Amino acid sequence: KLSRKFVDGLPKAELHVHIEGTLEAEMEFAIAKRNQIDIGAKTPADIDRNYGVGLPEFLKAYYKGMQVLRTKQDFYDLTAAFLRKEADSNVKHLELFFDPQAHTSRGIPFATVIEGIHEAIVDAASLDIDVQLIMCFLREYSQESAMQTLKEAEPYHKKGWILGVGLDSDEHHNPPLKFMLVFAKARNQGYYLTMHCDLHQVDTVDHIKQALEIITVDRLDHGLNIVENADLMTFLIDIKIGITACPMAYFYTRKVMEQKAINKLFNNGALISFNSDDPAYKGSNYINDVYYKFAQKCNWSEKELVRIAQNSFKTSWISQQEKESYL
Ligand code: ADE
Ligand code: ZN
């Protein structure tokens with residue numbers, strides 16, 4: 001029988017988690033208070049994280065919550081708390097998403113966001129966790145806006161603070177190809193590339209095809225609808241591209257953990273990993289909750305979870321040498 005202790009002790013990498021999605025109600029409340037922002041809550045319990053089912057409903061709550069983040073200290077505190085949690089969860093390597101346009105669009109300078117997050121990463125040096133950043137573009141914004149964001153990121157990328165770029169937020173009518181030029185430019189600048197292809201959006205399989213065949217991403221986020229197209233699934237497996245699943249996220253946006261699609265990918269040898277996505281908005285299910293709850297649901301033993309953890313290292317963007325030290 002699978003023990004929680006085994007899950008907690010298993011060394012793992014996390015590759016799909018948004019820093020803004022780790023903002024627990026308690027911290028949102030405390031930061032709002034310190035910034036003298038009225039969020040209409042007398043206690044943290046008044047902050048409603050039961051936003052309903054569906055990606056648009058989640059996104060609405062997510063963008064509302066992060067409005068309290070204004071200063072470098074806010075981004076620092078959010079990141080520092082999460083890194084402690086990850087290290088405690090035996091996450092050895094973390095590739096962390098951040099959404100700069102969700103802040104620059106509110107008048108918060110790019111520098112405030114990246115410097116706050118980066119300082120927390122530097123100060124976590126004693127924690128035995130390796131942390132890299134992935135900058136996501138918001139897909140409902142224009143390609144020009146993404147280009148501008150890429151330009152603002154350039155000095156930080158050159159310093160080695162940002163390893164990859166991603167694409168997230170509202171997928172409806174916002175296909176990967178909308179961002180073809182910005183992703184080509186990012187690749188040219190040396191970034192790794194990944195993209196969300198969320199569950200059951202309009203034309204998801206087409207979007208996955210675009211991401212894999214035209215943008216040629218280095219990893220695919222969610223993307224579980226790939227099981228609907230056998231050729232595409234075989235292609236993903238052949239080229240050994242990682243796919244980041246977030247079972248608890250699906251539960252909170254669809255009331256299912258997508259066991260069938262995940263098992264199909266897993267059993268066919270796809271390099272699928274488990275991740276928490278936006279834990280503070282998904283029932284406070286952090287990485288070990290995700291591993292444990294999915295395994296319980298599917299009667300998985302230690303063996304399967306070991307392979308999931310191995311996949312997480314294999315499909316991370318660390319050097320081959322570092323990978324081997326974990327495998
Ligand atoms: N932004 C944060 N989490 C996201 C998700 N799971 N899908 C799309 N956009 C997101
Ligand atoms: Zn995500």
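**Briefing**

Glutamate 28 and arginine 49 are both buried, where buried means under 20% relative accessible area, exposed over 50% and partly exposed in between (1.4 Å probe, protein chains only). This is a predicted model, in which local features need pLDDT of at least 70 and side-chain atom pairs count only at pLDDT 80 or more, while totals for chains, interfaces and linings use all residues. Residues are numbered from 1 along each chain as its sequence is written, chains are lettered from A and ligands numbered from 1 in the order in which they are written, and side-chain values use heavy atoms, with hydrogens and water left out.

**Salt bridges**
- The whole structure holds 16 salt bridges, each being a side-chain nitrogen of Lys or Arg within 4 Å of a carboxyl oxygen of Asp or Glu.
- Glutamate 28 and arginine 49 form one of them, at 2.5 Å from N to O.
- Arginine 219 pairs with glutamate 95 in a salt bridge whose closest N and O atoms are 2.9 Å apart, and this pair links strand β6 (residues 219-222) to strand β2 (residues 91-98), 124 residues apart.
- Arg4, Asp8 and Asp289 are linked in a network of salt bridges.

**Zinc site**
- The protein donors of the zinc ion (ligand 2) are His16 (NE2), His18 (NE2), His196 (NE2) and Asp277 (OD), 2.1 to 2.2 Å from it; donors are N, O and S atoms within 2.8 Å of the metal (3.2 Å for Na, K and Ca), and water is not among the atoms, so sites may look incomplete.
- Histidine 16 and aspartate 277 are both buried.

Note on methods: Helices (H or I, at least four residues) and strands (E, at least two) are DSSP runs, numbered from the N terminus.
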